[in-house]
Amino acid sequence: MKPTAEQLRELASRDPALGAAMDRLPPFPGFPAGIGARGSHFQAIARSIAYQQLAGAAATTIYGRVCALTPGPGFPTVEECLELSDERFRGAGFSAAKTRAVKDLAGKCKAGSVRLRSVSRMTDDEVVKMLSSVWGIGEWTAQMFLIFRLGRLDVMPAGDLGVQEGLRILDGLEERPAPGDVLARAEPWRPLRSVATYVLYRLCDEAKEQ
């Protein structure tokens, strides 16, 4: 989903500092896009689990090994995950915690308590509540799913260190703001807080390159 040019101009006008960053940085691409648009919703969430708390290269290697456990090109399906033993996942590099999370997600999808086919009709809060019922999935993972998979435009992951660091850079702060301060600062960004989140991530990327 992509905001209109008028909506982006209005966002920039409400916050000159954010607007200046938006002018300088790559434009908001709209999501889902790239790898985030591939596969099923289940596979997208499973990929997020695979990449949690790992550096990019290591996560990519392990993710590829898990994908290779089954014939298809992507991550194992719900049924395949339930059929695979914990030992097969662990042998591919998944930790016990990630194995448990993926298995619990697959089990809840199979049982119907996690209804990924109907997420497009759910509110953001409903999606977060549903996904947070899965062992090992918290608010952050659910928020990433909302932004990058469902394309929701008004999500603010205030507990994300990248968001906090981006806001520190944007406002020239000495320290990263606390989640509550992030939420308060983000109020003028409604209903496009996902766009602002993208800008804050890009500010972090820019700082790393300097």
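**Stop 1: helices H9 and H12**

Select helix H9 (residues 139–149) together with helix H12 (residues 193–209): the two pack at an angle of about 105°, and their axes are 11 Å apart. Axes here are lines fitted to C-alpha atoms, for helices over the stretch in contact, with angles running from 0 to 180 degrees between N-to-C directions. Helices are DSSP runs (H or I, at least four residues), numbered from the N terminus. H9 and H12 are therefore roughly perpendicular to each other, a label given to angles of 65 to 115 degrees.

Before going further, please note the conventions. This is a predicted model, in which local features need pLDDT of at least 70 and side-chain atom pairs count only at pLDDT 80 or more, while totals for chains, interfaces and linings use all residues. Residues are numbered from 1 along each chain as its sequence is written, and side-chain values use heavy atoms, with hydrogens and water left out.

Now display the side chains between the two helices. On the H9 side, Trp140, Met144, Ile147 and Phe148 meet Ser194, Thr197 and Tyr201 of H12; contact means heavy atoms within 4.5 Å. The residues of this contact divide into 5 nonpolar, 2 polar and no charged. In this division Ala, Val, Leu, Ile, Met, Phe, Trp, Tyr, Cys and Pro count as nonpolar, Asp, Glu, Lys and Arg as charged, and the others, Gly among them, as polar.

**Stop 2: Tyr201**

Remain in H12 and centre on Tyr201. Is this residue buried or exposed? Tyr201 is buried, with a relative accessible area of 13%; buried means under 20%, exposed over 50%, and partly exposed in between (1.4 Å probe, protein chains only). Not counting residues up to four places away in sequence, Tyr201 touches Trp140, Met144, Phe148, Pro157, Asp160, Gly162 and Val163. Its C-alpha atom is separated by 6.0 Å from that of Gly166, 35 residues apart along the chain.

**Stop 3: salt bridges**

Side chains of opposite charge can pair when their charged atoms come close. How many salt bridges does a search of the whole structure find? The search gives 12, a salt bridge being a side-chain nitrogen of Lys or Arg within 4 Å of a carboxyl oxygen of Asp or Glu.

Select Glu206 and Arg24, whose closest N and O atoms are 2.8 Å apart in a salt bridge. Glu206 lies in helix H12 and Arg24 in helix H2 (residues 16–24), so the pair ties together parts that are 182 residues apart in sequence. Arg24 is partly exposed, at 49% relative accessibility.

Also in H12, Asp205 and Arg202 lie 3 residues apart, about one turn of the helix. Their side chains meet in a salt bridge (2.7 Å, N to O). Asp205 is partly exposed at 28% relative accessibility, and Arg202 is partly exposed at 21%.

Glu165 is buried, with a relative accessible area of 17%, whereas Arg168 is partly exposed at 23%. Finally, select Asp154, Glu187, Arg190 and Arg193, which are linked in a network of salt bridges.

**Stop 4: the nonpolar core**

The largest nonpolar core has 63 residues, of which Phe42, Phe75, Leu105, Leu116, Leu131 and Trp189 touch the most other members. H12 gives the most to this core, with 7 residues. Such a core is a set of buried Ala, Val, Leu, Ile, Met, Phe, Trp, Tyr and Cys residues joined through side-chain atoms within 4.5 Å.

Centre on Leu116: leaving aside neighbours within four places in sequence, its contacts are His41, Phe42, Ile45, Cys109, Met130 and Leu131.

**Stop 5: cis peptide bonds**

Most peptide bonds are trans. Select Phe31 and Pro32, which are joined by a cis peptide bond with omega about 5°. Then select Arg190 and Pro191, where the peptide bond is also cis, with omega near 0°. Pro191 lies in the loop between helix H11 (179–185) and H12.

Conventions: Angles under 35 degrees count as roughly parallel, over 145 as roughly antiparallel, 65 to 115 as roughly perpendicular and the rest as oblique.
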